[in-house]
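I am opening a new notebook page for this model. The entries below record what I looked up, topic by topic.

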Amino acid sequence: MTRLLAALWLAIVAAAAVYLTVLGIAGFPIRTDLLALLPREEQDPVAQLATQAVSRSLGRRIVLAFGDTDRGRARTAARQATAAVAATGLVDPLDSAALQDAGRALATFYFPYRDALLSPADRKALDDGRGEDLSKRALAQAFGFGSPVDATLLAADPFLLLPAFLTSLPNPLGRLALDDGMLTVVDGATTWVVVPMTLRHDPFDLDVQEKLVSAIDNAVGAIARQMPDVKVLRAGAIFFADHGARTAIDEVTMLTIIEIAGTILLIVGVFRRLSPLLLNLLALGVGIAVAFAGTFLIFGEIHVAALLFGTSLIGVAVDYGLHYCTTAFGTAAVTSRQRLAFVMPAITLGLATTLVGYAALAAAPFPGLKQIAVFAIIGLVGAFATVTLWFPLLDRLAPLRHGAPLLAIAALPWTFWKAPGNRIGRGLLVACCLALLGLGFGRYHVDDDVRRLQALSPTLLSQQEEIKRLIGATTEAQHLLVVAPDDETALQREEALIPILDRLVSERAIAGYQISAAFVPSLSRQSADRALIRSRLVEPLQAQHVAQLGLAAAPP
């Protein structure tokens with residue numbers, strides 16, 4: 001029966017190895033984004049979809065900025081980098097032709113609805129009965145210096161309400177201006193050319209990160225060699241994800257090497273044999289392999305945080321094999337079956353208590369913690385199964401006689417604790433432990449900021465803040481979710497939020513906001529604005545206003 005179970009476990013391990021090989025050929029699905037660690041809002045699927053949409057939109061934005069005191073060098077560097085990045089096929093650069101035509105396209109879109117569109121300032125002026133101010137403004141624009149007003153627009157919109165509405169729309173470009181087809185901002189003596197891009201793929205895909213960040217690094221390196229004075233800034237979730245993934249993988253590798261090296265040195269130094277080392281490495285390797293395979297099979301992916309915390313599995317799983325091998329120092333268990341029977345109650349109890357702890361962790365609503373728990377549970381069970389099913393078949397270790405000094409040293413704490421003459425010492429030790437416990441509780445506090453789970457690169461943060469300052473825009477993901485049965489109701493509810501948001505801006509509680517209703521007023525708002533325009537402008541002022549402009553009278 002034991003051999004049958006051992007063969008069955010061998011088949012399972014072989015299947016896990018094949019599965020991992022197939023995954024490795026295709027590329028291991030490893031996640032690096034912090035949002036993957038957060039609990040899913042299963043109670044509100046609408047909120048979950050909204051959060052995913054906002055995160056996906058923001059996460060795929062990339063901004064590169066090239067600055068130099070010489071405008072030509074900044075533009076040349078921007079062109080070179082844009083071409084190199086576009087060659088990867090991973091991004092969609094912002095089309096300069098589309099930018100140049102954006103204003104015309106926007107005016108064309110809104111033109112049919114011009115008689116029902118008012119800027120907030122014009123609406124307030126009409127509400128206050130200051131329609132004549134709008135008439136004077138239009139006359140000043142028509143006859144003043146600067147860009148002449150199109151006669152066709154004046155005939156269709158004599159009070160020039162549409163240009164005022166377009167000017168009042170939120171400006172997504174911030175401080176940027178279009179300079180010969182390139183988004184540019186002048187900051188002191190430095191000209192910055194800003195290149196926005198949209199990533200076509202998931203920014204938290206390791207392959208995408210490696211290809212795109214490498215392409216950008218190579219392009220920036222080439223620019224630095226040709227034009228050393230050009231400054232390059234970058235912003236985007238993919239850069240933070242790439243830095244976090246590389247840091248996590250490096251840390252996992254370092255910790256794994258340290259733990260394995262320490263385990264090897266400890267085992268070889270204590271046992272003075274290679275067979276205990278090989279047996280324990282086998283248990284560790286099998287445990288980690290089945291943990292990876294099981295986690296990928298259940299979740300379809302694994303987060304780098306689970307990898308980082310999963311390295312602690314090595315320190316726990318090695319105990320089962322070490323407990324088995326240390327029986328070689330005694331005389332109570334000589335054969336492999338006797339050794340397993342001797343340690344079986346202890347390692348079973350150890351496995352059970354550890355699994356209870358990880359099972360409680362798996363009950364948490366955080367997907368990242370669930371992955372850590374599943375990874376550890378499967379890995380520990382795998383190591384335990386390897387020790388109990390394979391060790392008795394592979395063990396050829398003879399009884400060891402050199403361990404008496406080590407056993408004596410290991411027994412010192414127990415000797416101290418049970419000796420009748422050490423009662424005062426034990427009491428002092430307990431008092432010291434309780435004092436330390438009290439000090440610890442005094443400093444205990446809860447920090448539930450999940451962002452602390454991911455350390456962001458100070459260099460990337462500095463560059464991102466500099467780009468925000470230059471372009472006068474933010475990439476924050478905070479948002480309000482407006483839920484309504486139809487579009488009209490949603491727009492009306494957004495419009496009801498505008499006074500509240502404006503007050504928060506005036507109080508400096510928020511820097512600004514964007515809202516759909518600012519671009520597309522509700523039908524109710526359009527109907528009210530149309531009536532306001534007619535009653536405060538068209539009926540009392542249009543005839544005189546049109547005459548002053550020298551245009552043919554339009555029907556009221």
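**Salt bridges**

The term covers a side-chain nitrogen of Lys or Arg within 4 Å of a carboxyl oxygen of Asp or Glu. A note on the source: this is a predicted model, in which local features need pLDDT of at least 70 and side-chain atom pairs count only at pLDDT 80 or more, while totals for chains, interfaces and linings use all residues. Residues are numbered from 1 along each chain as its sequence is written, and side-chain values use heavy atoms, with hydrogens and water left out.

I checked aspartate 68, which forms a salt bridge with arginine 73, with 2.8 Å between the closest N and O atoms. For burial I use these cut-offs: buried is under 20% relative accessible area, exposed is over 50%, and partly exposed is in between (1.4 Å probe, protein chains only). Aspartate 68 counts as buried because its relative accessibility is 2%. Arginine 73, at 31%, counts as partly exposed.

Next I took arginine 75 and aspartate 179, whose side chains meet in a salt bridge at 4.0 Å, N to O. Arginine 75 lies in helix α3 (residues 71-86) and aspartate 179 in strand β4 (residues 177-179), so this pair ties together parts 104 residues apart in sequence. Helices (H or I, at least four residues) and strands (E, at least two) are DSSP runs, numbered from the N terminus. Arginine 75 is buried at 5% relative accessible area, whereas aspartate 179 is partly exposed at 24%. I also noted a network of salt bridges that links Arg71, Arg75, Asp179 and Asp180.

Arginine 123 forms a salt bridge with aspartate 529, the closest N and O atoms being 2.9 Å apart. Arginine 123 is in helix α5 (residues 120-127) and aspartate 529 in helix α22, so the pair ties together parts that are 406 residues apart in sequence. I find arginine 123 buried, with a relative accessible area of 16%, and aspartate 529 buried at 2%.

**A contact across the sequence**

I looked up valine 520 and leucine 117, which are 403 residues apart in sequence and 9.3 Å apart in space, C-alpha to C-alpha. Valine 520 sits in the loop between α21 (516-519) and α22 (523-549). Its relative accessible area is 41%, so valine 520 is partly exposed.

**Aromatic pairs**

I counted the aromatic pairs: the structure holds seven. Rings of Phe, Tyr and Trp (its six-membered ring) pair if their centres lie within 6.5 Å; planes under 30 degrees apart count as stacked, over 60 as edge-to-face and the rest as tilted.

Phenylalanine 292 and phenylalanine 375 form an edge-to-face pair, 5.2 Å centre to centre with 90° between the planes. The pair links distant parts of the chain, with phenylalanine 292 in helix α11 (residues 275-299) and phenylalanine 375 in helix α15 (residues 367-394), 83 residues apart. Phenylalanine 292 is partly exposed at 23% relative accessibility, and phenylalanine 375 is buried at 4%.

I then checked tyrosine 320 and phenylalanine 384, an edge-to-face pair at 6.0 Å centre to centre and 90° between the planes. Tyrosine 320 is in helix α13 (residues 312-326) and phenylalanine 384 in helix α15, 64 residues apart, and the pair links distant parts of the chain. Both tyrosine 320 and phenylalanine 384 are buried.

One aromatic cluster is formed by Phe109, Tyr110, Tyr113 and Phe165.

**Positive phi**

Leucine 160 is not a glycine, yet has a positive phi of about 50°. Leucine 160 is in the loop between α7 (151-156) and α8 (161-168) and is buried, with a relative accessible area of 3%.

Arginine 508, also not a glycine, has a positive phi of about 65°. Arginine 508 lies in the loop between α20 (487-506) and α21 and counts as exposed at 77% relative accessibility.
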